[in-house]
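Colleague: I have a new model open on my screen and would like to learn how to read it. Could you walk me through some of its features?

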Amino acid sequence: MKTTRTQVAIVGAGPAGLMLSHLLHRSGIESVVLDIRTHEEIATTIRAGILEAGSVRLLVDSGVSDRVLTEGDRHDGVVLRFDGDNHRIDFQDLVGESVWLYPQTEVFIDLADRRKTDGGDVRYGIRGTAVDMSGARPVVTFEEADGGPARLEADLVVGADGSRSICRHAFPQGARTEWFREYPFAWFGFLTEAPQSHPELIYARSEHGFALISQRTPAMQRMYFQCSPAERPEDWDDDRIWAEMRRRVNGNGFELREGPISSKMVLPFRSFVTAPMRHDRILLAGDAAHTVPPTGAKGLNLALADVRVLHEVLTEYFAGGGERALDHYTPRVLDRVWKAQHFSYWATTMLHGIEGASDFDIERQRAELALVTGSRHGAAFFAEGYTGWSRR
Ligand code: DHB
C-alpha cells in the first residue's frame with residue numbers, strides 16, 4: 001500500500017478544503033487534499049453565487065485570483081419585494097459594504113488552478129475514505145482514482161467534507177453536541193438563458209410563496225422558487241416553471257425576462273450546527289460542522305470564514321503552540337456560525353409562506369418586512385447581516 005506522510009490531511013476539495021490547503025502552503029505547511037468527487041463533478045455542481053466582501057478579500061489578498069474583481073459583479077444592494085412593490089436595501093449607504101455575484105463553481109476553479117500551479121497534492125475521484133484516530137498519528141485510508149489502495153499519515157486531519165462529513169462521524173460518541181432544525185419547504189432552482197430581469201437580486205415574498213431572482217452572466221440567469229421538499233424536477237417543464245414564477249413576482253410594472261430552462265434541482269432546507277468543531281487531532285470546517293438554509297447565501301462565506309481562522313490556528317500549532325492552539329478554534333469561529341444561523345433562519349422565515357399560517361402570522365410577517373424596509377435601522381440590520389458583519 002502506498003503511504004504518503006504530510007502535516008495536514010484535508011478531506012474535501014471544495015472551496016473550504018482547497019482554500020485551507022492554499023493558505024497553509026503560503027505559510028510553509030504541507031497538506032494533501034482528498035475528494036471522492038472528480039474535478040469535473042465539483043466544477044459543474046451549481047451552488048450559490050454571492051460572496052461577502054470578506055470572502056472576496058481573502059481570495060484576492062491571498063493571491064488565489066483577482067478574477068472575482070474583473071469578472072464578478074459588485075452588488076451594492078438587493079431588493080426585497082412584497083405586496084407587489086420593490087424595496088431596495090442599499091448596502092453601501094447603510095453599512096458601506098458590497099457583495100459580489102461570483103458563482104461558487106468559479107471560486108472552486110480559481111482555487112483548484114492555484115493549487116495546481118503551486119504543485120499542491122489534490123487527489124480527486126478517490127473512494128472509500130476512512131479516518132483512523134487510534135494510532136500515534138491519524139491515518140486516512142482510501143483507494144486512489146486508479147483503484148490502488150493508499151494511506152495518508154498526518155499530524156492533523158481537517159474535515160472539509162460537507163454536510164454528510166465522514167470526519168464528523170470520526171468523533172467519538174458524546175464528544176460533540178448537535179443543534180438541528182428542519183423546514184417544511186425547499187427551493188426549486190434553475191438556470192435560464194435569458195437577459196437580466198433586474199440589475200440586482202430580488203428576494204420576493206408573495207401569497208403563492210417565495211421566489212428569488214439572481215444572475216450568472218448577462219445572458220444566463222439563476223432563479224429559485226419555494227416548493228415542497230417532495231417536488232421532482234422532471235415534473236416541471238418550462239411552461240409550468242414560468243407560470244409559477246410569474247404569479248410570484250410579476251405585476252406593478254415588473255415583468256420577468258424568460259428563456260429556455262436548464263439545470264433544474266430541488267434544494268433541501270436545513271439548519272444544523274455541531275460543536276465543538278475539534279476533537280483531539282480532527283478539526284471540522286464549513287458544511288461538515290454547520291449547514292444553513294440557502295436564503296442569503298451564507299454557506300460558502302461561512303466556510304471561508306472558518307478556514308481563515310483555522311489557518312491561523314494551525315500555523316500557531318505547527319509553530320509549537322500545541323494543543324492549546326487547537327483549543328482556540330471553536331470559540332473563535334462559533335460566534336459567527338450562530339450569527340449566520342440566525343440570519344439565514346430569519347431571512348427564510350420572513351420571506352417564505354408557511355403552510356397553515358394564521359391570519360395573525362401573515363400580518364405579523366408583513367409588519368416585519370415593513371420594519372426592515374421602512375426604517376434605516378431595520379434596513380441596516382439586514383444589510384449588516386447580508387454583507388457579513390464586517391463592521392462590528
Ligand atoms: C444565489 C443563491 C442564494 O441562496 C442566494 O441567497 C442568493 C443568490 C444564487 O445562486 O445566485
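This is a predicted model: local features need pLDDT of at least 70, side-chain atom pairs count only at pLDDT 80 or more; totals for chains, interfaces and linings use all residues.

Colleague: Where does Ser-263 lie, and what is its phi?

Modeller: Ser-263 lies in strand S19, residues 261–267. Its phi is positive, about 50°, although Ser-263 is not a glycine.

Colleague: Which value of phi does Trp-389 have, and is Trp-389 buried or exposed?

Modeller: Trp-389 also is not a glycine, and it has a positive phi of about 55°. You will find Trp-389 in the segment after helix H11 (376–387). Its relative accessible area is 12%, and since buried means under 20%, Trp-389 is buried.

Colleague: Let's turn to sheets. What holds the strands of a sheet together?

Modeller: In general, strands of a sheet pair through backbone hydrogen bonds, either parallel or antiparallel. Here, four strands form an open sheet in the order S1-S12-S11-S10, and the pairing is mixed. Strand S1 (2–5) and strand S10 (127–132) are the edge strands, each pairing on one side only. On average, neighbouring strands of this sheet are turned by 20° against each other, direction ignored.

Colleague: How many bridges join S10 to strand S11?

Modeller: Four bridges join S10 to S11 (residues 139–143), and these two strands run antiparallel. For a pair to look at, take Arg-127, whose bridge partner in S11 is Glu-143. S10 and S11 form a hairpin, with six residues between them.

Colleague: And how many bridges join S11 to strand S12?

Modeller: Five bridges join S11 to S12 (residues 149–153), again in an antiparallel arrangement. Thr-141 stands opposite Arg-151 in S12. S11 and S12 form a hairpin too, this one with five residues between them. In its turn, Gly-147 has a positive phi of about 100°.

Colleague: What is the strand order in the open sheet of three strands?

Modeller: The order is S14-S20-S23, with antiparallel pairing. Strand S14 (177–182) and strand S23 (290–291) stand at the edges with a single partner strand each, so one side of each has no neighbour in the sheet. Six bridges join S14 to S20, and the bridge partner of Thr-177 in S20 is Ala-275.

Colleague: Which residue does a cis peptide bond join to Ala-275?

Modeller: A cis peptide bond joins Ala-275 and Pro-276, with omega at about -5°. Pro-276 lies in the loop between strand S20 (270–275) and strand S21 (278–279).

Colleague: Now helices, please. Why do residues three or four places apart point the same way in an α-helix?

Modeller: An α-helix has 3.6 residues a turn, so residues at that spacing point the same way. With that in mind, look at helix H6 (residues 104–117). Its buried residues are Gln-104, Thr-105, Val-107, Phe-108, Asp-110, Leu-111, Ala-112 and Arg-115.

Colleague: How far apart are the end C-alpha atoms of helix H6?

Modeller: They are 20 Å apart, which agrees with the 20 Å that 14 residues should span at 1.5 Å a residue. Just after H6, Gly-119 takes a positive phi of about 75°.

Colleague: What can Leu-314 show me about sequence and space?

Modeller: Leu-314 and Ser-27 are 287 residues apart in sequence, and their C-alpha atoms are 9.8 Å apart in space. Leu-314 lies in helix H8 (residues 299–327) and, at 0% relative accessibility, counts as buried.

Colleague: Last topic: how much space lies in the second largest pocket?

Modeller: About 800 Å³. It is lined by 35 residues, and the closest to its centre are Ser-206, Glu-207, Gly-209, Gly-353 and Ile-354. The elements giving two or more residues to the lining are strand S6 (77–82), strand S18 (220–227), helix H7 (238–249) and helix H10 (359–374).

Colleague: Which classes of residue make up the lining of the second largest pocket?

Modeller: By class, the lining has 10 nonpolar, 12 polar and 13 charged residues.

Methods
Residues are numbered from 1 along each chain as its sequence is written. Side-chain values use heavy atoms; hydrogens and water are left out. Two strands pair if DSSP finds at least two bridges between them. Axes are lines fitted to C-alpha atoms, for helices over the stretch in contact, and angles run from 0 to 180 degrees between N-to-C directions. The expected span of a helix is 1.5 Å times one less than its number of residues. Buried means under 20% relative accessible area, exposed over 50%, partly exposed in between (1.4 Å probe, protein chains only). On a 1 Å grid over the protein atoms alone, a cavity is a set of points where a 1.4 Å probe fits but cannot get out, and a pocket is an open set with protein on both sides within 12 Å along at least five of seven lines; lining residues have an atom within 4 Å of a point. Grid points are joined across faces, edges and corners, and a volume is the space filled by probe spheres set on the points. Ala, Val, Leu, Ile, Met, Phe, Trp, Tyr, Cys and Pro count as nonpolar, Asp, Glu, Lys and Arg as charged, and the others, Gly among them, as polar.
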